[in-house]
Number of protein chains: 2
Amino acid sequence: VTGAALGPGAEFDLIRRLTAGIDDAPPGVTLGPGDDAAVLDGGWVVSVDLAVEGVHFRREWLSAEEIGGRAVRAALSDLAAMAASPVGVLLSLAGSEADHADGTLEAVGRGGRAAAAACGAAVLGGDVTRSPSGLVVDVVALGRTENPVRRQGARPGDGLWVTGSLGLPGAVVRCLERGTPVGDAARARFAHPRPRTAQAAWLAETGHLRALIDLSDGLAGDAGHVAAASGVRLVLEAGAIPVAPGAIDLVGGDEAAALALHGGEDYELLAVMAPEFDALAAGYERRFPRVGLTRVGTVGAGAGVTLRTPKGERPLTGGFDHFGGEAS
Amino acid sequence: VTGAALGPGAEFDLIRRLTAGIDDAPPGVTLGPGDDAAVLDGGWVVSVDLAVEGVHFRREWLSAEEIGGRAVRAALSDLAAMAASPVGVLLSLAGSEADHADGTLEAVGRGGRAAAAACGAAVLGGDVTRSPSGLVVDVVALGRTENPVRRQGARPGDGLWVTGSLGLPGAVVRCLERGTPVGDAARARFAHPRPRTAQAAWLAETGHLRALIDLSDGLAGDAGHVAAASGVRLVLEAGAIPVAPGAIDLVGGDEAAALALHGGEDYELLAVMAPEFDALAAGYERRFPRVGLTRVGTVGAGAGVTLRTPKGERPLTGGFDHFGGEAS
């Protein structure tokens with residue numbers, strides 16, 4: 001019935017102000033602002049993801065189909081972050097006269113539609129309009145769950161777990177920016193993120209899933225949202241973070257490790273599991289041997305996010321921007 | 001359970017292709033593409049409206065607050081078009097670094113929030129991001145109704161009714177484009193459209209409301225959507241169309257009459273009422289004396305939209321663009 005606290009950051013400050021004062025959510029709304037999505041009576045989960053050319057994607061790096069597909073996959077990741085299953089999307093596209101005339105906008109839509117279908121969602125509607133400059137792809141994701149899993153709920157002593165590995169999309173972006181070569185497999189991982197819908201459902205079914213978020217802004221920043229929403233401190237073990245081998249191949253170990261913390265757009269899950277889950281982790285590995293699940297830390301008392309290294313523990317703050325540089 | 005046919009137009013062709021093949025809507029979705037909004041189990045109605053600077057608004061013509069407010073009001077009009085009541089909105093904003101830094105984006109959000117509150121909706125969440133060029137305001141409108149009213153359902157013999165009067169927003173845009181003066185009242189009508197939520201609910205309660213759409217693209221074009229969805233012909237009486245007196249003051253009678261048909265952004269309702277409604281129209285006038293309701297034509301057999309004048313009947317095709325000129 002209430003909104004969740006967000007981690008630090010100027011854009012989150014603005015979202016906080018926009019949604020302030022509705023701790024009493026309207027009738028029928030069971031979960032308001034601050035989480036990955038709104039939850040409505042009947043188990044509906046609704047989120048929106050706005051992707052803008054030059055900020056969230058560049059057309060030199062992705063085909064039009066990939067731009068549409070990636071936007072849809074990113075939006076559906078927000079549903080996975082609530083342990084909800086995708087049902088449909090509303091797809092809004094804006095592009096220049098040329099994008100309309102030469103089929104670019106159509107290809108963006110085709111890619112979005114194909115990605116939705118691949119994830120079990122139908123295109124239920126949308127909007128097509130002109131844009132004086134770049135492409136805009138806006139995706140409303142509609143999903144359903146009987147038990148939405150929120151960002152709040154983490155308690156001291158819980159374990160922090162991450163699906164898959166981190167840093168490869170960030171490393172691909174760095175290479176594309178620098179003009180250094182990127183292999184097909186790495187590029188595909190960047191262009192076609194996979195919402196961890198099935199993994200979230202499996203984790204929820206264990207009964208030990210306390211809090212959940214998808215990693216779109218980087219592990220450090222997204223962990224900060226969970227810490228703020230739950231009123232706890234998240235302690236990450238530097239040596240435990242599953243840095244993607246492909247990222248190390250592309251940019252080296254040091255940068256890959258930094259990207260695993262701050263790079264963003266991994267679209268993996270950060271799951272906070274009750275201590276009892278440790279004994280069940282092998283079951284996850286049997287069910288999802290190719291995606292994997294790694295324990296990356298522990299929930300403690302306090303606030304914020306810290307990184308524990310052999311040299312000690314230091315505070316971690318929010319992420320980089322999507323395409324590099326510290327977030328404003 | 002199925003999608004509705006859309007009227008003619010290149011952008012509708014693309015929406016048709018994106019949503020093609022889902023006549024079997026997913027479980028839980030009771031109304032798919034082609035109407036003003038998607039309808040989900042539990043009576044939830046979801047629509048999205050993407051507003052792009054230079055296409056849907058210009059910042060020389062509207063304050064930042066008005067830009068946000070107008071986008072929200074336009075989105076909530078889509079709910080009125082389903083006879084649904086607004087519950088909440090998800091508000092996504094994109095702007096340049098300068099827009100972030102100088103408070104423009106914040107003001108857009110503030111205006112959106114105030115407009116939502118004025119219409120009975122809360123801001124349930126959203127997204128704030130950068131845009132390399134212009135402002136983008138995307139509004140997801142969430143509403144609820146027990147009986148969504150669709151675009152299909154019009155039958156030969158039904159009456160066509162329009163709330164309020166038409167053409168004033170279009171006339172204001174023409175004057176702003178030409179640099180000719182616009183009075184405060186006319187400008188306010190343009191900047192602060194009022195979703196006809198209460199009027200739609202009243203019309204639905206009569207039991208005679210067969211089909212409904214809000215007038216965002218102009219009466220001619222939107223009537224075309226109803227005609228296509230219902231498989232009928234809509235016959236408009238030229239002399240009956242309620243041209244806004246303020247529009248005549250601004251641009252003269254001939255241009256005002258054309259704008260009433262093609263100008264768009266009126267955000268009034270076109271309601272298709274069973275013949276029995278004629279006897280009840282006086283009750284509407286008592287309930288909403290300041291908004292009004294005018295019978296503008298009749299449903300006939302056939303397809304498309306025609307305009308009946310003293311000289312005969314001629315086919316009407318879709319609208320102008322938002323800011324003038326024939327739609328592409």
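Me: Why is Arg308(B) called partly exposed?
Reply: Its relative accessible area is 36%. Buried means under 20%, exposed means over 50%, and partly exposed is what lies in between (1.4 Å probe, protein chains only). A value of 36% lies between those cut-offs, so Arg308(B) is partly exposed. The model is predicted: local features need pLDDT of at least 70, side-chain atom pairs count only at pLDDT 80 or more, and totals for chains, interfaces and linings use all residues. Residues are numbered from 1 along each chain as its sequence is written, chains are lettered from A and ligands numbered from 1 in the order in which they are written, and side-chain values use heavy atoms, with hydrogens and water left out.

Me: What makes Arg308(B) and Glu313(B) a salt bridge?
Reply: Their side chains meet at 3.4 Å, N to O. The rule asks for a side-chain nitrogen of Lys or Arg within 4 Å of a carboxyl oxygen of Asp or Glu. At 3.4 Å the pair passes, so it counts. Glu313(B) is partly exposed, at 36% relative accessible area. In chain A, salt bridges with shared partners join Arg233(A), Glu237(A), Arg308(A) and Glu313(A) into one network.

Me: How do you know that Glu237(B) and Arg308(B) link distant parts of the chain?
Reply: The closest N and O atoms of the pair are 2.9 Å apart, and a salt bridge forms. Glu237(B) sits in strand β9 (residues 233-237) of chain B, Arg308(B) in strand β12 (residues 304-309), 71 residues apart. Strands (E, at least two residues) and helices (H or I, at least four) are DSSP runs, numbered from the N terminus. Glu237(B) counts as partly exposed at 25%.

Me: What does the salt bridge of Arg210(A) and Asp158(A) tie together?
Reply: The closest N and O atoms are 2.4 Å apart. Arg210(A) lies in strand β8 (residues 209-214) and Asp158(A) in the loop between β6 (136-144) and β7 (159-163) of chain A, so the pair ties together parts 52 residues apart in sequence. Arg210(A) is partly exposed at 22%. Asp158(A) is buried at 1%. The whole structure holds 32 salt bridges over all chains.

Me: Why is Arg70(B) called buried, and what does its side chain reach?
Reply: Its relative accessible area is 8%, so it is buried. Arg70(B) is in helix α2 (residues 64-80) of chain B. Its side chain reaches the backbone oxygen of His56(B) at 3.4 Å. The backbone oxygen of Phe190(B) lies 2.9 Å from a polar atom of that side chain. A polar contact is a pair of N or O atoms within 3.5 Å; within protein, one must be able to donate a hydrogen and the other to accept it, and residues adjacent in sequence count only if both atoms are side-chain atoms.

Me: Which residues does Arg70(B) touch?
Reply: Contact means heavy atoms within 4.5 Å. By that rule Arg70(B) touches His56(B), Leu62(B), Phe190(B), Ala191(B), Pro193(B) and Glu265(B), not counting residues up to four places away in sequence.

Me: What makes helix α5(A) mostly covered?
Reply: Eight of its 11 residues (168-178) are buried. Among them are Leu168(A), Val172(A) and Cys175(A). The cover includes α6 (184-191), α9 (245-251) and α10 (253-262) of chain A.

Me: How do you know that the two copies are related as by a two-fold rotation axis?
Reply: Chain B can be laid on chain A by a turn of 180° and a shift of 0.0 Å along the axis, with an RMSD of 0.0 Å. The two copies are thus related as by a two-fold rotation axis. The superposition is by least squares on C-alpha atoms of residues with pLDDT of at least 70 in both. In chain B, the C-alpha of Gly42(B) is nearest the axis, 3.0 Å from it. The same surface serves both copies: 100% of the contact residues of chain B recur in chain A.

Me: What makes up the contact between chain B and chain A?
Reply: Each chain gives 57 residues. About 4,800 Å² is buried between them, 66% of it on carbon and sulfur atoms. Buried area is the accessible area (1.4 Å probe) that two parts lose on being put together, summed over both. Two salt bridges cross over. In one of them, the side chains of Asp41(B) and Arg144(A) meet at 3.8 Å, N to O. On the side of chain B that touches chain A, β5(B) gives the most, with nine residues.
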